[in-house]
Amino acid sequence: MTRGAGLWFTGVFTGFLMAVLVLERSLRGFDGHVYTQVRHVELDALDTLAIVTLLPALITTGLLVAFTFRQGGHTPWWTLTALTLLVGILALTLVINMPINTDQLDWSVQAPPADWAAVRDRWQIAHTVRTGAAVLAFGALIADATRTPRGPHQGTPPSPPHELPAVPEDSPPHRRTGR
């Protein structure tokens, strides 16, 4: 259940970031007035969507790592990778994107600041990085969910014998060689 929830929240979060990335890329051809107006619309509720998908994705992925270690199973490399990427996304969001979001809420649509394009570029670069990280995190969770189980408690096939079985005396190879 935890794995499914982690996949769902991470997938929705990743899809959300991709949609914003596409929107932001299409805004690059517009002036500061249009960009500011669209950002005000984006900031009305999209931050909430980010929070209600990223935080559960972090929590469920962290729980999945903890459960795997607790059960003494395989080292959850894919899940650890996803968790690390999600933590990085949160850090990037808190350090770069959220302060810019807060600042942009005060921008005037009629008179955007003189450096609006530089601020936009900084936000979009950080957003592109976190979107790429989200895609990788989601891919890592998918890889973990679809991996072939291995290990002593997960149906590992028996080891092959150290010696080859003896060839029966009446087999064709034995008759030809006389051994």
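In the predicted model, helix H2 passes helix H4 in a left-handed crossing. The axes of these two helices, H2 and H4, come within 13 Å and cross at roughly 30°; because angles under 35 degrees count as roughly parallel, H2 and H4 are described as roughly parallel to each other.

The pairing of H1 with H2 has another geometry, in that the axes of H1 and H2 come within 8 Å and cross at roughly 155°. As angles over 145 degrees count as roughly antiparallel, this crossing makes H1 roughly antiparallel to H2. H1 passes H2 in a left-handed crossing, and the contact of H1 with H2 comprises, by class, 19 nonpolar, six polar and four charged residues.

Helix H1, which spans residues 2-26, also packs against helix H4, which spans residues 116-146, and the axes of H1 and H4 come within 9 Å and cross at roughly 150°. That angle makes H1 roughly antiparallel to H4. Here, too, the handedness can be assigned, with H1 passing H4 in a left-handed crossing. When the residues in the contact of H1 with H4 are divided by class, 14 are nonpolar, eight are polar and four are charged.

The course of H2 includes a bend of about 45°, which is located at Leu 43.

The two ends of H2 each carry a local feature that can be described at the level of individual residues. At the start of H2, a side-chain oxygen of Asp 31 reaches to within 3.1 Å of the backbone nitrogen of His 33. Beyond the other end, H2 is followed by Gly 72, for which the phi angle is positive, with a value near 75°.

Taken together, the helix pairs described here comprise H2 with H4, roughly parallel to each other, H1 with H2, roughly antiparallel, and H1 with H4, likewise roughly antiparallel.

Definitions and conventions: Residues numbered from 1 in each chain as written. Predicted model: local features only at pLDDT ≥ 70, side-chain atom pairs only at ≥ 80, totals over all residues. Heavy atoms only, no water. Bend = angle between axes of the 7 residues up to and from the residue. Helix = DSSP H or I, 4+ residues; strand = E, 2+ residues; numbered from the N terminus. Polar contact = N/O pair within 3.5 Å; in protein donor to acceptor, adjacent residues only side chain to side chain. Axes fitted to C-alpha atoms, helices over the stretch in contact; angles between N-to-C directions. Parallel < 35°, antiparallel > 145°, perpendicular 65-115°, else oblique. Left-handed = near helix turned anticlockwise from the far one by under 90°. Nonpolar A, V, L, I, M, F, W, Y, C, P; charged D, E, K, R; others polar.
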